[in-house]
Amino acid sequence: MMRKLCCLFLVVVMLICISPSRSLASSHIDLSRIKFSSGSEPLVFKFGDLSMDGEIRQVYPFTKAEIDKLVKETLKSMGLTELDIMEANKKVERAKRASEFTSDDLQRVKDNFIKSLKVVPQAGEVADILKVIDQYMSSSSWDDIGTASADLLDKSMTDWVKDTASGFIDKAGELGKNVNKTKDWTDRLTAIFDFCDMMIEEHARTKQKWKDIADGANAKRLLNKFYQALQKKIDAYKYESDRMGWNIVFDNAMEGRNFTFFGVDSNYQTWYLDMLLKQKETNEYGSVAGYYEGEFTIRAEHEMSNFTSRAHEAIRNMGEVGAAIKQIEKMPQYKVTLTTSSSGSAYISRSISGTCEATIDESGDITLSMNETNDETMVIISGMSVDMDYSTNSIGVKGVGKLTFKISAQEEDIAIECSIGKIGVITPKGSWFPSLNASGTDNVGWDHEIWKHWDGTEKKLEHAGR
């Protein structure tokens with residue numbers, strides 16, 4: 001009975017071992033198997049409708065050099081070399097290929113197994129056992145049982161396996177002289193003998209496959225031990241790294257937008273942010289959660305060529321001067337032409353700096369406060385000129401004139417200097433232009449739309465993607 005059970009066990013092991021396998025990525029040192037600290041996480045700083053990208057990152061994050069050092073230390077502690085890892089990966093790949101039996105291979109062995117079940121006493125219902133076989137085929141993995149199966153087959157699938165049946169049946173199919181069995185048992189034992197012949201042939205056909213599977217299973221166990229040891233070193237380094245804390249960093253972060261200045265569109269504003277907050281308090285796990293302190297500087301630069309080249313449009317939106325021009329343009333008896341006679345130049349910048357604090361709670365929400373200690377604005381606008389030519393007709397008399405407006409700035413205050421270029425009357429009898437020399441200056445203020453995203457807006461710090 002024991003030999004019969006052994007034969008059945010061998011068949012079950014064979015079927016378990018040839019179940020479909022999982023693929024395993026092969027590489028020299030597969031760092032995808034290691035769980036690293038994140039090292040950094042993206043942040044976004046929002047003000048008004050604008051946002052800038054930064055990050056929160058470890059003071060001492062993982063670097064390639066540090067990872068290489070930990071790998072070498074782990075190999076040395078286990079008495080291994082990188083060549084050993086490479087060879088182990090190759091063995092695992094060979095085992096993977098060896099375990100890829102075709103559907104015909106599976107069906108052939110399955111059919112032979114059914115044949116054996118029919119002749120083994122008390123084997124149970126074939127249908128029930130086939131359910132178990134199908135389960136093994138779909139769920140078992142070669143690396144779980146590769147070594148055991150190969151060792152068993154090498155030691156057991158030899159001529160002595162035939163003794164499972166031939167101890168009772170001789171080559172002619174006759175019962176052994178010391179065996180007293182019924183005809184039914186004789187038929188069953190003869191079938192087992194035939195089945196054992198089939199299994200020996202099957203083993204001879206796949207012996208190298210089983211050897212590759214066994215070698216691969218051992219190699220995978222070696223790799224598992226190596227990566228577990230490496231992970232332990234990584235975790236220890238992570239603990240030390242986390243203890244050094246995290247920094248919130250915006251390094252010359254940039255964001256821009258088009259804006260309208262005194263009614264002239266398509267000017268461009270660019271904001272630049274430098275901000276560094278260092279973690280001062282955290283929890284026992286050294287996470288990003290905690291309290292941060294630091295400093296910031298944000299500045300705005302502007303490209304104003306549209307404003308300067310279209311000064312004749314801008315002046316219509318400048319204080320009382322602009323209102324007066326619009327009023328004259330509406331009068332039907334007047335014909336008014338505005339032209340930019342000189343575009344001049346315009347430079348506008350602003351720099352704001354100060355201290356800042358942030359608190360990151362366990363859920364990742366960030367509370368930010370900013371204390372502005374310095375706010376400087378530089379405005380240089382000069383050389384811009386607009387000519388206004390106008391005329392009016394009344395009972396054959398045509399009045400004509402020309403005014404010149406010079407636009408400049410004193411900090412955040414636009415000034416317009418108006419001078420009379422010419423004024424006169426044209427009649428059928430001739431023209432008359434008196435000599436005039438009159439001028440005046442009007443301060444028209446500032447278009448605060450340029451600062452709308454900063455002044456009076458809430459400043460937020462958030463994890464990107466939230």
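Biologist: Leaving aside neighbours within four places in sequence, which residues is His463 in contact with?

Modeller: His463 is in contact with Glu41, Pro42, Leu43, Val44, Ile360, Gly364 and Ile366. Contact here means heavy atoms within 4.5 Å. This is a predicted model, in which local features need pLDDT of at least 70 and side-chain atom pairs count only at pLDDT 80 or more, while totals for chains, interfaces and linings use all residues. Residues are numbered from 1 along each chain as its sequence is written, and side-chain values use heavy atoms, with hydrogens and water left out.

Biologist: Why is His463 called buried?

Modeller: Buried means under 20% relative accessible area, exposed means over 50%, and partly exposed is in between (1.4 Å probe, protein chains only). His463 has 10% relative accessibility, so it counts as buried. The residue lies in strand E14 (residues 459-463); strands (E, at least two residues) and helices (H or I, at least four) are DSSP runs, numbered from the N terminus.

Biologist: What makes the pair His463 and Gly364 a polar contact?

Modeller: A polar contact is a pair of N or O atoms within 3.5 Å; within protein, one must be able to donate a hydrogen and the other to accept it, and residues adjacent in sequence count only if both atoms are side-chain atoms. A polar atom of the His463 side chain lies 3.3 Å from the backbone oxygen of Gly364.

Biologist: How do you know that Ala311 is buried?

Modeller: Its relative accessibility is 0%, so Ala311 counts as buried. Ala311 is found in helix H10 (residues 311-314). Apart from neighbours within four places in sequence, Ala311 is in contact with Thr340, Met384, Val386 and Ile407.

Biologist: What makes Arg57 and Glu55 a salt bridge?

Modeller: A salt bridge is a side-chain nitrogen of Lys or Arg within 4 Å of a carboxyl oxygen of Asp or Glu. For Arg57 and Glu55 the distance is 2.5 Å, N to O. Side chains of opposite charge can pair when their charged atoms come close. By this rule the count comes to 13 salt bridges.

Biologist: Are these two residues, Arg57 and Glu55, buried, partly exposed or exposed?

Modeller: Arg57 has a relative accessible area of 34%, so it is partly exposed. Glu55, at 23%, therefore counts as partly exposed too.

Biologist: Why is Glu411 called exposed?

Modeller: Glu411 has 58% relative accessibility, so it counts as exposed. Glu411 lies in the loop between strand E10 (397-409) and strand E11 (414-427). Its phi is positive, about 55 degrees, although Glu411 is not a glycine.

Biologist: What is the phi of Ser266, and why is this residue called partly exposed?

Modeller: Phi of Ser266 is near 65 degrees, a positive value in a residue other than glycine. Ser266 has a relative accessible area of 40%, so it is partly exposed. Ser266 lies in strand E4 (residues 264-282).
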